[in-house]
Amino acid sequence: MRSRFDEQLATLNNELTQMGAMCEEAIAIASRALSTGDVKLTGKVVSLDGEINHMERTIETLCLKLLLQQQPVARDLRQISAALKMITDMERIGTQAADIAEIITFLDGRTGGECEHIRFMADAVSQMVTESIDAFVKQDVVLADAAIDRDDVVDDLFLQVKSSLIELIAEKPTDGGYALDLLMIAKYFERIGDHAVNIAEWVAFSVTGKHKGAEKL
Amino acid sequence: MTKKIFNSIMVVAAAVLIASLVIIMGCLYRYFSNVQGKQLEDELSLAAAAVEKNGQEYLEELQSNQYRLTWVAGNGDVIYDTQSDEESMENHADREEIRQALQSREGKSLRYSTTLLEKTLYSARRLNDGSVLRISVSSATVWMLVLGMIQPILIVIVVALVLSGVLASRISKHIMEPLNSLDLEKPLENDTYEELAPLLNRINKQHRQIDVQLSELQRKNDEFTQITQGMTEGLVLLNEKNVILNINPAALKLFHTKKSCIGKDFLTVERNHDVSHAIQDAFSSGHSEIRIEREGKEYQIHVNRIESNGTVIGAVVLAFDITEAAFAERNRREFTANVSHELKTPLQSIMGSAELMENGLVKSEDMTRFVGHIRTEAGRLVTLIDDIIRLSQLDEGCDMPFENVDLYEVATDVAAGLADIAAIKDIEIAVTGETVRIKSVRRLLTEIIFNLCDNAVKYNKDGGMVEVSVSREENQAVISVKDSGIGIPAEHQARIFERFYRVDKSRSKESGGTGLGLSIVKHAVQYLNGQIDLQSSPGEGTIIQIFLQEDKNDVMQIS
């Protein structure tokens, strides 16, 4: 009985890892599409988003099945409930990466070169997602903390992007629409960063039983 | 063991106790019942005689607690009873003993109380006058006796429990001691129950089998580890559930993981979508391969399914570092492109001049200049082709004779040969140092020193100087070429030994180089198993040092 349960937990872990890897890929491709202005890449992000949504359903079903059939307690319960929360964040990451991809198609091949911070932001967020997925795979609280700390960097970068876009509009009012698109992209990156923090917090919860966010309240 | 012995002792004790109880009680009870019956008969005879004689008076006088006498008339009415009031007693005609007595003079019966704890024995006799005298005595039944004996029985049982417990533990300890002290590592050296001998023999045999198999397994495992440890290719063995069974150091490095990943899913080590896909492909189709990039290096990953008797038991992941191969491939492509370009430039120039001459556009007094031009360009082509041939010879690694060479002599020869060109730019070539004799290839050494000095002169300032020194350090010969030239910027230093690489692309024509000189030096030094050291700062000059192993050359000479 227990060995079957363990097998199911391992499957859950694998599926989550795969879903995380998809999110990493989606955001990496989105940031590559932004920096190269390659509109062909955006299609890939959208199709990945579809796969991620499908994966969320699969994992959700598996989690509910485990909760019903095995009635887990303690660490197992934490793991499964954390998984349920994490897939929501992962799904949001996928969707927002797709949103970024969609906006990139409106940029007419421009790459946001006027505002280099947005590229730093893309890199930082990409790394945050990788770190939080890594933290999940290795069940490593230190890595999770690193991902959580990086969010401050992303928030700072967002403010810098904002101020440099204000300058851009002031200099070239005709580029107003373009600047707003870039701001939206930056905002989506910032949101993805927040979701990565959530994932990292749930990883810490499933390992230690304490939720990081609770301390700050 | 103790429990089993305890149980058997208890069962035996209980059985003996119950059996003896039943037998003794049975015998004694029957005996006493008989005695009582006889006594009752006797008493009845006496009482009957007395009643015949004295009538009711006797009965009234009789003082007995043990017996109860009842005198019943022939119709069953009670005439007198020693213990109760005869008026209140009912008709006794239907009592069994009375009925018997009325019929056949004597009657007997036995009746139990409702609780079965007491029984009453009746004996009756018909008197001469037709009335019946009955005597009865009450006594305890067997059950009553047993009930009375419960306390001693319980005590006996408790004692038996304690005794059997103590005995059981002692016996089992005694029996088990030789078994517990059995040395199973050396089964045949034990001195114990002979009944155990076959078992010990069997264990001994299996011990030997296990030892043999274990050492065989260990040997195979060692072999496997030795082979995989030394491999530069990353190797990962997976079972059919994608769990890592074995991973070698190269793969640990490639996937940035630790030995502790063994037993975990491969996904935890590498979750790249393409890689997981490739592994799934391999599990379904048998083989797959992909290229991935890691930290600037390129890897080719082959995944092969492992099957045994038709069932999939796992997969092998093999990762090759193809960075160098890919780099070499790129280099080859670049070289071809460069060579064709370099060959074409002088030919174009020759073609141009020749066409002008063909069409008679060249005045006769300019003819010499044009022909000279053609000759120079042709000369450049020859030099270039010579360089390429030399390079390809070095690439092929064809055998060249090792002989005793004096480096100082070679250096002075080269310096003398370059003196004319150097003089044009007013550059002095100084050769310093001592005679250093090593076993080497004279042609290659000349090539190395010539190319270094040639560069030193070409990329020098007018009036500069070139210093060639030959010395011996420990067991190495050192050739050092120092110039006061333009130097090489740091970002170019790593690439100047590549074929056709030039720091300043526009100067190629002016300086007349082929772009192959340093490449030839690099290959020649490699052929001689030496090393090159480059120090340069733009504007100040360059020092290139060549270190040649003496011993190595000797060894090569002997072999």
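**Exercise 1. Find what share of the contacts in chain A with a separation of 6 or more comes from residues 24 or more positions apart.**

Solution. Take the contacts in chain A with a separation of 6 or more: residues 24 or more positions apart account for 80% of them. Two residues are in contact if their C-beta atoms, placed from the backbone, lie within 7 Å.

The model is predicted: local features need pLDDT of at least 70, side-chain atom pairs count only at pLDDT 80 or more, and totals for chains, interfaces and linings use all residues. Residues are numbered from 1 along each chain as its sequence is written, while chains are lettered from A and ligands numbered from 1 in the order in which they are written.

**Exercise 2. Work out how chain A touches chain B.**

Solution. Chain A gives nine residues to the contact, and chain B gives seven residues. On the chain A side, helix H1 (residues 2–36) supplies the largest share, eight residues.

**Exercise 3. Trace the open sheet of chain B.**

Solution. Write the order of the five strands: S7-S6-S10-S9-S8, with antiparallel pairing. Strands pair if DSSP finds at least two bridges between them. One partner of Ile290(B) can be named: Ile301(B), in S9(B).

Note on methods: Helices (H or I, at least four residues) and strands (E, at least two) are DSSP runs, numbered from the N terminus.
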